[in-house]
Amino acid sequence: MLERLKHNFRLLLNAFDGAVCPLCDVRTRLETSEAERLHAKGDLNAALCATHLESYFGCTDDRSARARVTRRILETIIAGRPACQVCEYLRRVEERLARAIRRLDNRMRFRKALEMAPLFCRRHVNLVVSDPLVANFAQVQRAKLQRLRDDLAQAEILNRESLDALTLSAIAYLGDLVLEQSALQLQDSADMPAVEVSEFERWDDELQLRHLGKLESEAASLRYRNATLSEENRRLKAARVASEGTRRDLERDLAQLLAAAGERDSNSLKTPNQ
């Protein structure tokens, strides 16, 4: 159980480097894997909603198999277990990750991570801020939303190429209907808060190391470029010195030629009088 929670939390942190709502990213990944797990299991004894039933069917064209599975789901609902198993699983994951965000909200490093992450969708923002004490998360998301609004307004006025992309980003933020407050009683492991802190710090350290590696690579590139420019500068200086020497030689030769021509003209003027 604890390993699964750690895995899901790690998925959330990795989604901070993405382009969509991190919780939506996690939900999509787990939704696919859960449908595949149920399909691999084969014997379905749980209710599924229409969306997840289609995912369960996958590409099968076996009409009898599809009818049989659908009938079993109806029997499960009649027996009093109507909730979609995949929806309930995803709902529990979302709520646990929302609680993890709340627990880390007072950490400045986590706020910095949120500032670098994509804007959360409205649905998941409301899920996280159902606790009014998550001030950092709420401030960061509001600032990102205002920036999106301003960028959209400027792109519209200036008819920028980014207009369509920004519109899609705004639509993605609006998303589905807002989640209602859950009545589920989730019990995490007592070790989970410590695990979340440990996982976040490890992820943040890895992020810093990647950033440091990028800076070192850029520094090495700049050193190489500087060495190349220094060599080019040395060659230019040498070429300039040589050019200056050639110029002086030409000026000397020109002066000698002019002097010789002047002397010749002077001699030619004296000859008739003699």
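Reader: Which members of the largest nonpolar core, a set of 42 residues, touch the most other members?
Author: A nonpolar core is a set of buried Ala, Val, Leu, Ile, Met, Phe, Trp, Tyr and Cys residues joined through side-chain atoms within 4.5 Å. Buried means under 20% relative accessible area, exposed over 50%, and partly exposed in between, with a 1.4 Å probe and protein chains only. Of the 42 residues in this core, the two that touch the most other members are Phe16 and Phe120.

Reader: What pLDDT do local features need here?
Author: Residues are numbered from 1 along each chain as its sequence is written, and side-chain values use heavy atoms, with hydrogens and water left out. This is a predicted model: totals for chains, interfaces and linings use all residues, side-chain atom pairs count only at pLDDT 80 or more, and local features need pLDDT of at least 70.

Reader: Which helix gives the largest share of that core?
Author: Helices here are DSSP runs of H or I with at least four residues, strands are E runs of at least two, and numbering starts at the N terminus. The chain has 10 helices and zero strands. The largest share of the core is nine residues, and these come from helix α5.

Reader: Which aromatic residue in helix α6 pairs with Phe16?
Author: Rings of Phe, Tyr and Trp (its six-membered ring) pair if their centres lie within 6.5 Å; planes under 30 degrees apart count as stacked, over 60 as edge-to-face and the rest as tilted. A search of the whole structure finds six such pairs. In one of them, the ring centres are 6.1 Å apart and the planes stand at 45°, so Phe16 and Phe110 form a tilted pair. Phe16 sits in the loop between α1 and α2, and 94 residues away is its partner, Phe110.

Reader: How is the pair of Phe120 and Phe137 classed?
Author: Phe120 is in the loop between α6 and α7 and Phe137 is in helix α8, so the pair ties together parts 17 residues apart in sequence. Phe120 is buried at 0% relative accessibility, and Phe137 is buried at 0% too. The ring centres are 5.1 Å apart with 80° between the planes, which is edge-to-face.

Reader: Which Trp belongs to the cluster of ring pairs?
Author: Contact means heavy atoms within 4.5 Å. Leaving aside neighbours within four places in sequence, Phe16 has contacts that include Phe110, Phe120 and Trp203. Ring pairs link Phe16, Phe110, Phe120, Phe137 and Phe200 into a cluster with Trp203.

Reader: What angle do α2 and α5 make where they pack?
Author: Axes are lines fitted to C-alpha atoms, for helices over the stretch in contact, and angles run from 0 to 180 degrees between N-to-C directions. Residues in the contact include Leu23, Val26 and Leu30 of α2, and Val86, Tyr89 and Val93 of α5. The axes lie 10 Å apart, and the angle is about 145°.

Reader: Is Arg102 buried or partly exposed?
Author: Arg102 lies in helix α5. Leaving aside neighbours within four places in sequence, Arg102 is in contact with Leu127, Val128, Ser130, Asp131 and Val134. Its relative accessibility is 21%, so Arg102 counts as partly exposed.

Reader: How far apart are the C-alpha atoms of Arg102 and Phe137?
Author: These residues are 35 apart along the chain. Between their C-alpha atoms, the separation is 8.1 Å.
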